[in-house]
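Hello,

Here is the structure I promised to pass on to you. Have a look at it first, and then read on for what turned up in it.

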Amino acid sequence: MQIVSTSAAVPAASARRALTGLPEADGYEVVVKPLRYREKPHLAAETSFGDRTITLRMPEPFLPFGEVVAYGAKRRPGGSMRFVWLTEGVTFRRPREVLRFLYLHEWMHWYLHHHHGRGTSAETTCDRFALANYRRREVTLADARAAMRRSRS
């Protein structure tokens, strides 16, 4: 996997080590860029299917931060189509955790686009996949398939 970094906090070699054990987006370049925030750090990334790049934005300066991640929705009782978001709070303490989470989220967009024809949507599926796997040492295609079918909780 080709990795390029313009972030002073995370050089390309560090990003490569952080992403070891994760599935590769064949034919795509991973670009790590700085995210300059005004008030507090947050998650930001994008996949460009035209340019064939996955861009991960690393908050600079990096400070530990929390993020609420929506991994699904549940229908509320009643006749109308109302839903409540299923969320989990996550604290990112190290840049490695942020890189892995963002990469897995964007990789799932790549996977859905190239293998299922729907990569520009499915945010909750991508978040569910990243949330379940960003701390794991090895992530496989079977893990991606498992994230596509949310089990009842």
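**The sheet and what packs on it**

Four bridges connect β1 with strand β2 (residues 29–36), and the two strands run parallel. Within this pair, I3 sits opposite V30 of β2. Please keep in mind as you read that this is a predicted model.

At the other end of the strand order, β3 and β4 are joined by five bridges and run antiparallel. One of the pairs there puts A45 together with its bridge partner L56 in β4. The hairpin made by β3 and β4 has four residues between the strands, and R52 in this hairpin adopts a positive phi near 60°.

Put together, the four strands make an open sheet with mixed pairing, in the order β1-β2-β4-β3. The edges are β1 (2–5) and β3 (44–48), each of which pairs on one side only. On average, neighbouring strands in the sheet are turned by 20° against each other, direction ignored. Helix α2 (residues 95–116) packs on this sheet and touches β2, β3 and β4 (53–60). The direction of α2 makes about 155° with that of β4.

**Two arginines to look at**

R36 is part of strand β2. Is R36 buried or exposed? Its relative accessibility is 62%, and the cut-off for exposed is over 50%, so R36 counts as exposed. The C-alpha atom of R36 is separated by 8.4 Å from that of M58, and these two residues are 22 apart along the chain.

R100, in helix α2, is buried yet has no salt bridge. Which side chain of opposite charge is nearest to R100? That is E138, 7.6 Å away, whereas a salt bridge would need a side-chain nitrogen within 4 Å of a carboxyl oxygen. Leaving aside residues up to four places away in sequence, R100 touches A18, L19, T20 and L22, and also Y134, R136 and R137.

**The buried face of α4**

Helix α4 (residues 141–148) has D143, A144 and A147 as its buried residues. Seen down the axis of α4, they fall within an arc of 100°, so these residues line one face of the helix. What do the buried residues of α4 pack against? Their partners are α2 and α3 (123–133).

Best wishes, and happy browsing!

Note on methods. Residues numbered from 1 in each chain as written. Predicted model: local features only at pLDDT ≥ 70, side-chain atom pairs only at ≥ 80, totals over all residues. Heavy atoms only, no water. Pairing = 2+ DSSP bridges. Axes fitted to C-alpha atoms, helices over the stretch in contact; angles between N-to-C directions. Contact = heavy atoms within 4.5 Å. Buried < 20%, exposed > 50% of the residue type's maximum accessible area, 1.4 Å probe, protein only. Arc of directions from axis to C-beta. Lys, Arg positive; Asp, Glu negative; His and termini not counted.
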